[in-house]
Amino acid sequence: MGNWQRLVWNQRDALFSGLVVTVEICLIAFACAIVGGLLLCLIRMYVRPLRPVAIVLIEFFRATPILVQLLWVNYAWPALFGWPDTFFTAAWVALALQSSGYLAETFRGGIEAIPRGHREAAYSVGMRPMLVFRRIILPQVALSTAPSIVNQFTVIVKSSTLVSVITVQDLMFESQRIVNIWYEPIEMLTATAAIYIIIVFLVSTAGKALSDMLRRRFGIAAA
Amino acid sequence: MSETLQQLLDISIFWEYRTVLLRGLAVNFYVFVCAAIVALSLGLGAALLRVSRRRPLRALGTLHVEIFRNAPDYVMVVWVHFVLPLLIGTLLHTRFELNPFVSAIIALGFVYSGYFAETFRAGIEAVPIGQIEAGRSCGMSDRHILWRIVLPQVVRRMLPESINQFISLFKATTIVSLIAVPDLMYQVSMITQQEMRPLPLYTGAALVYFAVILVASYALRAASERWRNKIFA
């Protein structure tokens with residue numbers, strides 16, 4: 001146990017600061033991915049002229065490995081667009097890109113699963129398209145896609161371990177930095193793996209409970 | 001901007017290094033195939049544990065699935081490569097080292113076995129219990145029932161779901177470049193360090209993976225659709 005105290009517990013400040021960075025990146029990326037995914041999905045479904053662009057973007061984001069996207073955003077974007085200017089920005093942009101592609105398809109599935117009759121009924125009582133989307137479609141889509149959205153968040157957390165490769169000082173980076181001081185990886189890396197497994201487990205359990213609760217509270221069966 | 005565009009469109013660098021890059025892509029496929037074999041066999045084992053009648057075996061299966069489904073691939077790859085050899089070395093009282101290829105295959109195989117176990121389990125539980133009882137009443141042994149009645153149906157049912165998992169496994173093989181397995185991404189990083197031109201190289205790598213994965217996923221989906229229709233018809 002002495003080793004564990006020296007190598008892991010005494011390093012808790014560094015690990016905690018890494019954990020904070022991990023949480024920040026995941027939350028920013030998740031928020032951007034939801035907004036971006038919704039935009040891509042709406043463009044794909046309702047904006048005819050831009051449809052091929054949206055399809056290519058969605059397929060590109062979905063079909064490239066996250067490590068490749070991360071390095072691409074980090075090394076190629078500054079030369080192409082002059083942005084992102086920090087590693088931190090590059091990290092969440094890459095994570096958000098990948099997930100927005102997946103979420104766009106999730107949202108599309110959710111929207112297409114809503115019976116036509118709902119939309120027609122809303123129009124026939126005189127609701128405007130924007131209102132129909134906000135009051136009829138979006139709530140049902142949010143309810144039916146909640147489990148997939150939570151699942152996507154766990155994917156973001158798992159992929160966020162890779163941002164240490166572009167020297168963002170997240171939990172994985174801090175743990176490897178400490179390993180490189182003493183060259184005693186057993187305790188440190190085991191602890192890191194355990195922390196990540198517990199975080200992802202908690203996130204997915206909490207998310208499952210949340211989406212079950214939402215369904216019981218607002219689902220069609222509850223009404 | 002025009003200079004940047006010129007640099008972007010200059011794909012001669014890919015032609016110059018074509019043998020190295022293609023060999024890297026082959027390494028990706030090699031790691032993928034080996035890890036998929038490990039993942040499928042471990043996943044089937046874990047799924048059988050989870051549907052077992054004995055409670056401790058069920059708990060063991062659940063533990064396996066929960067650990068590996070919730071573990072990030074990169075963390076597992078690093079752990080297997082740097083910690084596992086030390087643990088084995090302490091047990092055997094010798095110096096023990098893992099080849100990066102072997103670590104990559106073990107790590108990815110174990111991580112994806114968690115996902116495959118869940119897919120297998122869903123397929124196994126979807127087989128009506130009456131079929132198993134019918135098999136027993138004809139005097140078939142448990143192993144015979146598994147291979148002749150349950151698994152053929154499971155394989156067909158889990159085909160669409162497992163294609164997605166094979167594709168994520170292939171995408172995950174890029175991570176092995178970080179423990180110096182010479183795959184495509186590793187070669188691209190090495191060439192970047194030599195040529196100092198990250199823009200065309202990383203863009204090209206992204207496009208290569210995009211093309212390979214897009215073509216593979218459409219082809220696999222079409223093939224599985226065809227196969228399913230043929231068998232169910």
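**Note on helix packing and chain contact in a predicted model**

1. In chain B, α3(B) passes α9(B) in a right-handed crossing. The model is a predicted one, and the points below should be read accordingly.

2. The geometry of this pair can be stated more fully. Helix α3 of chain B spans residues 18-50 and helix α9 of chain B spans residues 142-172; they pack at an angle of about 130°, and their axes lie 10 Å apart. Angles over 145 degrees would count as roughly antiparallel and those from 65 to 115 as roughly perpendicular, so α3(B) is oblique to α9(B).

3. Which residues in α3(B) and α9(B) meet? From α3(B) come F32(B), A35(B), A36(B) and A39(B), and from α9(B) come F166(B), L169(B) and F170(B). By class, the contact of α3(B) with α9(B) has 7 nonpolar residues, with no polar and no charged ones.

4. Helix α2 of chain A (residues 12-46) packs against helix α8 of chain A (residues 129-159) at an angle of about 135°, with the axes 10 Å apart. The two helices, α2(A) and α8(A), are therefore oblique to each other. The crossing in which α2(A) passes α8(A) is right-handed.

5. The residues of this second contact are as follows. C26(A), A29(A) and F30(A) in α2(A) meet F153(A), I156(A) and V157(A) in α8(A). The contact of α2(A) with α8(A) comprises 6 nonpolar residues, and neither polar nor charged residues take part.

6. The contact between the chains is considered next. On this side, 29 residues of chain A are in contact with 31 residues of chain B. Four helices of chain A, namely α3 (51-63), α4 (66-75), α5 (77-81) and α10 (185-218), each supply at least two residues of the side of chain A that touches chain B. The largest share of that side, 10 residues, comes from α10(A). Sorted by class, the side of chain A that touches chain B has 22 nonpolar, 5 polar and 2 charged residues.

7. Which residues touch the most other members of the largest nonpolar core? They are L70(A), M76(B) and A205(B), in a core of 108 residues. Helix α6 of chain A (residues 87-112) contributes the largest share of this core, 13 residues. Leaving aside residues up to four places away in sequence, L70(A) touches A91(A), A94(A), L162(A), V163(A), V165(A) and I166(A).

Key:
Residues are numbered from 1 along each chain as its sequence is written. Chains are lettered from A and ligands numbered from 1 in the order in which they are written. This is a predicted model: local features need pLDDT of at least 70, side-chain atom pairs count only at pLDDT 80 or more; totals for chains, interfaces and linings use all residues. Two residues are in contact if their C-beta atoms, placed from the backbone, lie within 7 Å. Ala, Val, Leu, Ile, Met, Phe, Trp, Tyr, Cys and Pro count as nonpolar, Asp, Glu, Lys and Arg as charged, and the others, Gly among them, as polar. A nonpolar core is a set of buried Ala, Val, Leu, Ile, Met, Phe, Trp, Tyr and Cys residues joined through C-beta atoms within 7 Å. A residue is buried if 20 or more other C-beta atoms lie within 10 Å of its own, exposed if 12 or fewer, and partly exposed in between; C-beta atoms are placed from the backbone. Axes are lines fitted to C-alpha atoms, for helices over the stretch in contact, and angles run from 0 to 180 degrees between N-to-C directions. Angles under 35 degrees count as roughly parallel, over 145 as roughly antiparallel, 65 to 115 as roughly perpendicular and the rest as oblique. A crossing is left-handed if the near helix is turned anticlockwise from the far one by less than a right angle, and right-handed if clockwise.
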